[in-house]
Every structure is written in structure tokens, then in C-alpha cells.
Amino acid sequence: MKATEIPAGTEIRRRTAEIVPVLRQRASWAEENRRLHMEAVEAMADAGIFKLRVPARYGGYEADTRTLAAVAAELARGDGSAAWTASVWWIPTWMACLFPDAVQDEVFATPDVRVCGTLSPSATATPADGGIVVDGRWGFISGALHSHWQEIIAVMPGEDGGMRPVMALVPMAELHVVDDWHTSGLRGSGSVSTVADGLFVPRERVLPLGAVLAGDGASEANRDSPVYRAPLLPVASATSVGTVLGLAAAARDAFFDRLPGRKITYTGYDDQRQAAVTHFEVAEARLRADEAHYHADRLTDLVDRGRGPDEPWTLEERARARAWMGRVVQAGKESVDVLASASGGSSIYSSSPIQRIQRDMQAITMHALMHPSTNYELYGRVLCGLEPDTLYL
């Protein structure tokens, strides 16, 4: 295996910008068919999107989360579902890099490998000779239809008699896919359910979830890389916010594309640009988007800051990462909602992109790990000196 030359972040963003027209062209198809168009997937592969979290020794780029946020923001200007799915692929790909190096050799042998996954422990595992046997079902598996592997979470008996969560990697071919993704937003993400029925997973492809959440992986080759040393939840938080930034920008693009010559019905304004209320609305939307960028930058800086092995993350820093993600989501949604409201009744037609953008943003806001109120409460608990009441920190 030979390490590749890693392009600069500006070069990756340039490549991403070049494929935005393809994503935009295929966004309606993706929404109608509830999955990404293969042309969009191939365009992202050609741009190097799937290499961003892959170790350099496998030809990957080992990109930091600031680059991920910028790339996802660019993708979302074309299609929010494409950006969201790419971000979801990046997170389990990063998690795969915590497994033993021999397991990584198997996973990353596939060019442009795509790993989907979840953090929901909605399955059970029982010990077996040489590994575990898993039974269960996982929902909201974005990108499953275009993935090669899935990262799964299950609970299994521990040595103390209690139950403990474990994380495992399984080939998609060994799972059953349930086509149940009938939703109001992020329809193109194809976030179907998957099922394991008596699935055997070799021991080397199983890790304790607690160790993963702490950033304590089993990889020797990645142990000294700062990219793979941060805790999982701050990494996932910083990886997820770019789509929100891009949807706010996409809403702005869609609004201004329709603005020239547009009237405000039942008023004296023959040109919406002349209305004072329009000036207020576009300023409000832009300021909300700027606020989202501000918190996203703080979040990615927090995650990307180089730390030595003797400089652990504090509990407050972990909670703050989720709080900043929540603030990005809230401010981004507010920005989109202002422009959607200002777009008038004709914007509800399916031919108008802003209605899809708003629905995609609403879907992101409702995600269990991104919901602003949930993250604010968690941060507040920690600030008040209470236990966080969750493993996902």
C-alpha cells in the first residue's frame, strides 16, 4: 500500500464546486426515488469526496474537520441529501480507522469504499466461538443503498453480568435492507433500515463502544495521527455541520435567483427588491447564516486542535462540542426559514428548490444527535456540575 499525495484543502473544495451542477441536476430525481442518483455518487467519487477520512497509507487524504465542513457546505449547495449522506459516510469511515489494522486492510481494499452506520444500539449480540452473533434492526442508515460496509451497534452480556454496547463492522451483503424511507425531508439520502438475522461477526471486527467513544481504538498505524485521536462525538459533531451551512447558502441562492422582477402580490410592490421588508429579511437570514458559520468554525477548531496523548478532552469540552453543533443547526434553520417565508406562495411548487431545502433542513434539525434543545440541555447539565446522563459525549 502506497500513500497518495494529499491535495490541499483549497484543491478539494475546488473539485467539489465543479460537481455541484451535477448534484443540483439530480436532486429532484434523488428526492423522487429516495436515494442518490448513481451519477451523483460517481461524481463525488471522482472529486475525492470518499477519500477524505481514509488514512493516507490507503490513498486517502486524512482531512481535518474544517475541510469536511467546507466540502459538505459546497455539496449542499447542489443537494442537501448528497451532502448529508457524504457526511454520514465520513463518520463511520473514521470509526473504521479505530479497528485493528488488519481489519482496515480489508475495508480499504475497495476503492472509494463507503461505510454507513449508526450509533443506535438497537440489536443484541451473543458471544460465539471466534466472535459474536448479532440479531436486530437499525433505522436511518443514510447511504446504505450505495455502501459496501456498515458499522453497527449492539448490546451483549458483559463479564460482570450486565449488558455492554459493542461496535462492529459488517459487509452490506450480509445484511437485509428494508426499503422504508418515506419521509418529508432528506428523501434523497436513502436512509433505509437494515436487519441482521443470526449474523456472525468475527472477533477482530468488534470493539467495545465505550473505548470508541473515548477515542481509544485498536489501530497501531493510526495511533499517532491527530485525525483519529479525538473522541467520537466531537468528531461526529464537527463532521455534521457542513450540510447546514450549505443549505443556508443554497436557500440564499434560490431566493436571489427568483428575486429579479418578482412582485409581492396584493401590494404596491412590483419589484420585491424595493420592499423594506425584503431588506430586513435578507439581512436577518444572512446574519443567522453568519452565526452558524461562526459556531461551526469554533467547533472544527476545537476538534482539529492538536493534542498530545497526555492532554485529554474535558467533560465540558465534549458537551460544548455538541452545544455548538446545536447552535449551528438552530441558526442555519432560522436562516432558511426566513428566506422560505419571504419566497411567497409560488415557492411551494415542487419545481422551486427552496421548499426542498427547507424540508431537508427541518429533517436535520430533528436528528437525535443534532436537535438543538437536546444539546443545550446536555451542555447546561455539565455546566451545572451534574452528570451528563448519556454515553454519547
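Reader: Where does D389 lie?
Author: D389 lies in the segment after α12 (372–383). Helices here are DSSP runs of H or I with at least four residues, strands are runs of E with at least two, and both are numbered from the N terminus. Before we go on: this is a predicted model, where local features need pLDDT of at least 70 and side-chain atom pairs count only at pLDDT 80 or more, while totals for chains, interfaces and linings use all residues. Residues are numbered from 1 along each chain as its sequence is written, and side-chain values use heavy atoms, with hydrogens and water left out.

Reader: Why does D389 count as exposed?
Author: Exposed means over 50% relative accessible area, buried means under 20%, and partly exposed is in between (1.4 Å probe, protein chains only). D389 has 65% relative accessibility, so it counts as exposed.

Reader: What is the phi of D389?
Author: Positive, about 65°, although D389 is not a glycine. Most residues other than glycine have a negative phi. F140 also has a positive phi without being a glycine, near 60°. F140 is found in strand β3, and its relative accessible area of 64% makes it exposed.

Reader: How do you know which strands pair with β3?
Author: The rule is that DSSP must find at least two bridges between two strands. β2 (residues 123–128) and β3 (residues 131–141) are joined by six bridges and run antiparallel. Among the partners, P127 goes with I132 and T126 with V133. On to β7 (residues 192–202): eight bridges pair β3 with it, again in the antiparallel sense. There, I141 stands opposite V192.

Reader: What sits between the strands in the hairpin of β2 and β3?
Author: Two residues, and G130 in that hairpin takes a positive phi near 85°. Another glycine with a positive phi near 85° is G48, which follows α2.

Reader: Why is G143 called buried?
Author: G143 has a relative accessible area of 4%, which puts it under the cut-off, so it is buried. Its place is in the loop between β3 and β4 (149–157). G143 touches T85, W89, S189 and G190, leaving aside residues up to four places away in sequence; contact here means heavy atoms within 4.5 Å. G143 and V41 are 102 residues apart in sequence, yet 10.0 Å apart in space, C-alpha to C-alpha.

Reader: Which residues of α2 are buried?
Author: In helix α2 (residues 38–47), they are A40, V41, A43, M44, A45 and A47. These buried residues pack against α1 (9–33), α3 and α4.

Reader: What makes a nonpolar core, and how many residues has the largest?
Author: A core is a set of buried Ala, Val, Leu, Ile, Met, Phe, Trp, Tyr and Cys residues joined through side-chain atoms within 4.5 Å. The largest has 117 residues, and those with the most contacts inside it are M44, I49, L75, V134 and L232. Helix α4 (residues 80–96) gives the most to this core, 11 residues. M44 touches, among others, I19, L36, F50, A82 and W89, not counting residues up to four places away in sequence.

Reader: At what angle do the axes of α3 and α8 cross?
Author: Roughly 35°, with the axes of helix α3 (residues 65–78) and α8 coming within 7 Å. Residues making the contact include A69, A72 and R77 of α3, and G246, A250 and D253 of α8. Axes are lines fitted to C-alpha atoms, for helices over the stretch in contact, and angles run from 0 to 180 degrees between N-to-C directions.

Reader: Why is E18 called exposed?
Author: Its relative accessible area is 52%, so E18 is exposed. E18 has its place in helix α1.
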